[in-house]
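Here are a few notes to keep beside you as you look through this model.

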Amino acid sequence: MSAPTGQPTLLPPRRDGRLLPYLAIVIGALVVAVLAGQPAVVAFAVPFLLALGVGLVRTGTLAVTATLTVDTSQLLEGDLVRGEIALDWTGPLDLEVLIRTPRGLVGVPPYPTRWAIPAATGPLRLPVVLRAAHWGRHLAGEVWVRARAPRGLLVWQGRVATGPSLRVLPQVERLNRLLDPAESRTVAGVHQARRIGEGYEFAELRPYEPGDRLRDLNWGATARHGRPYVNRHHPELSGEVVVVLDTYTDGTTEVLARAARAAWAIVSVHLQAGDRVGLIGLGGGWRTLHPAGGERAKYQLLETLLEMGADAVDTTSHNWVSHRLPVPESALVIALTSLYQRSVVRFCQDWRAKGRAVAVAVLDAGDALPAPASATEVIARRLWRLEIDRRRAMLAGVGIPVVTVGPGGLARSVVGGLRRLGQARTVRAAR
């Protein structure tokens, strides 16, 4: 069995809880024997003196080499990630190993996340199986070790390894099951035309014809074929869409999961339809990605979405911005929110007052909450539901369509709201 490679971690020794009492007993017995002139008292301290001698045989720092490896760096919510902890040290030790995982990863029974191994000698390998419970970027975990020599009175403990970063992608319902072609076209408003003309999206490569612009020449193809070739592009007739993702919750990760799935479903539909899509994150970190289209924009949107998921895991870091969020004048704004923060209502009302087309999808995870434990909790939930309904009414009062995103129909419910928005003649093309 090969030992793990890498720089060893040096763990300083710490005293065991028995060390000071043993020393006190030995010193006390010696003092009593000297002052009272009773040598027999020393016999009482002999076992503790022997325990000190055996327990302090090994002192000094402990060098532990450790690595945490996993079989993949990218997975979907609910997928399993398998890995291995490799440890190496010198001499026999009673070892306790713990892998600390972020909230986005959880252990999978019966696979342990803590091991207790008596009188172990290195190298040692331990299998790890975790489940991705939350979308975002997460470390695979931290490996912590607590070791002591057999019958020893010193303890070495600390973090010895950190796992690699994982990209947990949100699950998306199959859009061909949720949306038919007519609905997907309803989402985006004005789409990319099938005819060819001026624009930025590449359409085809063809031989040069009189009247073509010289700046459209493809010099690489011209050199290969020995005659001039030009690039042709789709005209810029797509719309602009800004998806606003509210990552603030009361700690219910199911709300965040539904937010990510709905956001990625809507983003994918609009990009497929040729729209330029941007992303604004509210919550753990204010992030803005300006509208863009094409495959490159798709990957940029996914990376930004993962960063928002990592921010949302730590609910104590939410910092709501008070300044105005930039949204293009011609953009359709789709806000995915739980309405836990009234700030989102204020932002949406402000965008609507400035003439933006706005639709709001309220994320409801009431089905994921545990049953009320008392009558007081029942009343509290009813009052909170009334407050959410009041905030929905505030949005509807200024002409903003409001739909609910529950356990199913993520994309379909939002599409219904956008269809009503289109019927109200508020969806406008970017150009």
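Is Arg381 buried, partly exposed or exposed? Arg381 is partly exposed, at a relative accessible area of 27% (buried means under 20%, exposed over 50%, partly exposed in between, with a 1.4 Å probe and protein chains only).

1. Some ground rules. This is a predicted model, in which local features need pLDDT of at least 70 and side-chain atom pairs count only at pLDDT 80 or more, while totals for chains, interfaces and linings use all residues. Residues are numbered from 1 along each chain as its sequence is written, and side-chain values use heavy atoms, leaving out hydrogens and water.

2. Helix α9. Arg381 meets Glu377 in a salt bridge at 2.9 Å, N to O (a side-chain nitrogen of Lys or Arg within 4 Å of a carboxyl oxygen of Asp or Glu). The two are separated by about one helical turn, because they sit four residues apart in helix α9 (residues 375-396). Helices here are DSSP runs of H or I with at least four residues, strands are runs of E with at least two, and both are numbered from the N terminus. Glu377 is partly exposed, also with 27% relative accessible area. Helix α9 also holds Arg391 and Glu387, four residues apart, whose closest N and O atoms are 2.8 Å apart in a salt bridge. Arg391 is buried, with a relative accessible area of 9%.

3. An open sheet. Five strands line up in the order β1-β3-β5-β9-β7, with antiparallel pairing (two strands pair if DSSP finds at least two bridges between them). At the edges are β1 (9-11) and β7 (105-107), each pairing on one side only. Three bridges join β1 to β3 (residues 62-70), and Leu10 stands opposite Ala63 in β3.

4. Arg125 and Glu84 form a salt bridge, with closest N and O atoms 3.0 Å apart. Arg125 lies in β9 (residues 124-132) and Glu84 in β5 (residues 80-88), so the pair ties together parts 41 residues apart in sequence. Arg125 is partly exposed at 27%, and Glu84 is partly exposed at 31%.

5. The wider tally. The salt bridge count comes to 12. Asp16, Arg18 and Arg148 are linked in a network of salt bridges.

6. A question to finish: where does Val34 lie? Val34 lies in helix α1 (residues 19-36) and is exposed, with a relative accessible area of 68%.
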